[in-house]
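Here are some notes on this model, written for a colleague who likes to check things against the coordinates.

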Amino acid sequence: MAEFKSISLATQVFEKLEEDIITGVYPRGEILTELKLVEQLGVSRTPIREALRRLEQERLIKETGKGSLVLGITMEDLVDIMEIRQRIEGLAAYHATKNLTEEGREALLQISQLQDFYYEKKDIDNLRKMDDRFHDAIYQFSKRPVLRDALVPLHRKTQRYRRISMEDKERLNGSIQEHKAICNAIISGDAELAEQLITRHIELAKKSMIERCYHNG
């Protein structure tokens, strides 16, 4: 695993395993063992053991005595995650509006423009990345570390469901338009509107994710 060259090897292994669990590379019910992961990732047992400990803390796996059982993100988990985001992401948008700098303004405009560009190209992978960047930017510009620390992992854990939701062209277009409206509210300095719009955006995203998952299931 040549890409893992950082001093924080355990963190990189954790992030790799976390993404693979969230996106379904390791499906719910699979058993992960240290030996299996050593062979797959090409690293020693020490960073893998630390990564597994952190994954257990995140409730993504459960130790069974014969290995780590993959729990993943269930539909019930998704509902809880999105309802938490509905309640606190508006605060991040509110504070991002109040604390927005010129640099932040330019960053949000760039993300909005790139979303339009990738939408025209029908580039779903990059649209998903722009979705990450948009929400991460709001968390960062809020200058509220507690909110950011709570929201970043929650947004990350919805990756698989967001990917499914983006298969719906109508919802994808709606999401981009909602991002634009949120961006405009933040840039114009209307904190209350930004809070309302992003709360509504999360509500619609949750509805779409649940409907698409039941449709696909």
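1. Let me start with burial. Of the 217 residues in the chain, 41% are buried. Please keep in mind as you read on that this is a predicted model.

2. Next, the overall fold. The chain has ten helices and three strands, and their order along the sequence is α-β-α-α-β-β-α-α-α-α-α-α-α. With a radius of gyration of 19 Å, close to the 17 Å that the globule rule gives for 217 residues, the chain is as compact as a globular protein of that length.

3. A word on contact range. Take the contacts between residues at least 6 apart in sequence: 72% of them join residues at least 24 apart.

4. Now the surface and the charges. The accessible surface of the chain is about 11,700 Å², and carbon and sulfur atoms account for 49% of that. There are 35 positive and 37 negative side chains, and the centres of these two sets are 2 Å apart.

5. The interior deserves a look of its own. In soluble globular proteins, nonpolar side chains tend to be buried together. Here the largest nonpolar core holds 28 residues, and Val 13, Leu 17, Ile 21, Tyr 26, Leu 37 and Leu 55 have the most contacts inside it. Two or more residues come from each of helix 1 (9–22), helix 2 (34–41), helix 3 (45–57), helix 4 (75–99), helix 8 (159–165) and helix 10 (191–216). Helix 1 gives the most, with five residues.

6. Which residues does Leu 17 contact, leaving aside its neighbours within four places in sequence? They are Tyr 26, Leu 37, Leu 41, Ala 51 and Leu 55. Apart from that core there is a second, separate one of 24 residues, and Ala 92, Ala 93, Ile 111 and Leu 127 are among them.

7. Two backbone angles are worth checking. Most residues other than glycine have a negative phi, and most peptide bonds are trans. Arg 59, however, has a positive phi, near 60 degrees. Arg 59 is in the loop between helix 3 and strand 2 (61–63), and its relative accessibility of 68% makes it exposed. Lys 122 also has a positive phi, near 55 degrees. Lys 122 sits in the loop between helix 5 (102–120) and helix 6 (124–141), and it is exposed as well, with a relative accessible area of 66%.

8. Thr 33 is next on my list. Is Thr 33 in a helix, or in a loop? Thr 33 belongs to the loop between strand 1 (31–32) and helix 2, and at 27% relative accessibility it counts as partly exposed. Setting aside neighbours within four places in sequence, Thr 33 is in contact with Lys 66 and Gly 67. Thr 33 and Leu 52 are 19 residues apart along the chain, with 9.4 Å between their C-alpha atoms.

9. Ala 107 is in helix 5, with a relative accessible area of 24%, which makes it partly exposed. Between Ala 107 and Ala 137 there are 7.9 Å, C-alpha to C-alpha, for a sequence separation of 30 residues. Asp 80 lies in helix 4 and is also partly exposed, at a relative accessible area of 40%. From Asp 80 to Leu 154, 74 residues apart in sequence, the C-alpha distance is 9.9 Å.

Technical notes. Residues are numbered from 1 along each chain as its sequence is written. This is a predicted model: local features need pLDDT of at least 70, side-chain atom pairs count only at pLDDT 80 or more; totals for chains, interfaces and linings use all residues. Side-chain values use heavy atoms; hydrogens and water are left out. A nonpolar core is a set of buried Ala, Val, Leu, Ile, Met, Phe, Trp, Tyr and Cys residues joined through side-chain atoms within 4.5 Å. Buried means under 20% relative accessible area, exposed over 50%, partly exposed in between (1.4 Å probe, protein chains only). Helices (H or I, at least four residues) and strands (E, at least two) are DSSP runs, numbered from the N terminus. Contact means heavy atoms within 4.5 Å. The radius of gyration is taken over C-alpha atoms; the globule rule is 2.2 Å times the number of residues to the power 0.38. Accessible areas come from the Shrake-Rupley method with a 1.4 Å probe; for residues, only the protein chains shown count as cover. Lys and Arg count as positive and Asp and Glu as negative; His and the chain ends are not counted. The place of a charge is taken as NZ of Lys, CZ of Arg, CG of Asp or CD of Glu.
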